[in-house]
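I opened the model to look up pockets and helices. My entries follow.

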Amino acid sequence: MAEAEQPGTYRPNPTLKRVERRFENLLFNSRWLMAPFYFGLVISLAALLFKFCMELWHFILHVPDAKESDIILGVLALIDISLTGNLILIVVFSGYENFVSKIDPEGHPDWPDWMTKVDFGGLKQKLLASIVAISAIQVLKAFMNLDTAFDPSKLAWLVGVHLVFVVSSFMLAISDRWGSGHHGSE
């Protein structure tokens, strides 16, 4: 009677185990559904390049007659587009590397080191840093236009949104630091 009271060893149902394994494979392979998103971002990068070339051409044509502030604004517009392109590249490479598949930099001597070393936390920080830089350029452009078109409400909104991005970046950096410090002690 004592033997009947002891629990038997657990043996998983082989059919359920196969179903579970197939489901896990389906979930794991679903990461490839993100690849078209990254390809779409590459296409948007090409569209941004087209816009950059148009802005550059417009800028070059107007430089001889432009005031110094107009030249600075033109350069800031080009920098803004360039930073947006950098942001797209960061998302494409880091997102693909973190969520879809590892990128093999073998055979690419000019491959930047960061492309295979940015984790999700680093990706968030780079994204927010790029957004802060882009928003700072928008505020600077508005400030440079104060003499031609001063709209205090618009300027206040630009500064407010920029400060929200700065504070968000700061809070994210602090939370990531606290999180990594907490996990390091365990």
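Classes first: I count Ala, Val, Leu, Ile, Met, Phe, Trp, Tyr, Cys and Pro as nonpolar, Asp, Glu, Lys and Arg as charged, and the others, Gly among them, as polar.

This is a predicted model: local features need pLDDT of at least 70, side-chain atom pairs count only at pLDDT 80 or more, and totals for chains, interfaces and linings use all residues. Residues are numbered from 1 along each chain as its sequence is written, and side-chain values use heavy atoms, without hydrogens and water.

Entry 1, pocket. I searched a 1 Å grid over the protein atoms alone for pockets (open sets of points where a 1.4 Å probe fits, with protein on both sides within 12 Å along at least five of seven lines; lining residues have an atom within 4 Å of a point). The largest pocket has a volume of about 230 Å³, taken as the space filled by probe spheres set on the points. Its lining has 13 residues, and His58, Phe59, Asp70, Leu73 and Gly74 are the closest to its centre. I find 7 nonpolar, 3 polar and 3 charged residues in the lining.

Two elements give two or more residues: α3 (35-62) and α4 (68-100). Helices here are DSSP runs (H or I, at least four residues).

I see Tyr38, Leu48 and Phe59 buried in α3 (under 20% relative accessible area, 1.4 Å probe, protein chains only). Their cover includes α4.

The unreviewed UniProt entry marks "transmembrane region" at residues 32-50, 71-96 and 155-174. Residues 71-96 are 100% helix, with end C-alpha atoms 37 Å apart. Residues 155-174 are also 100% helix, and their end C-alpha atoms are 28 Å apart.

Terms used. UniProt positions renumbered as here; feature names shortened; annotations may be inferred. Buried < 20%, exposed > 50% of the residue type's maximum accessible area, 1.4 Å probe, protein only. Contact = heavy atoms within 4.5 Å.
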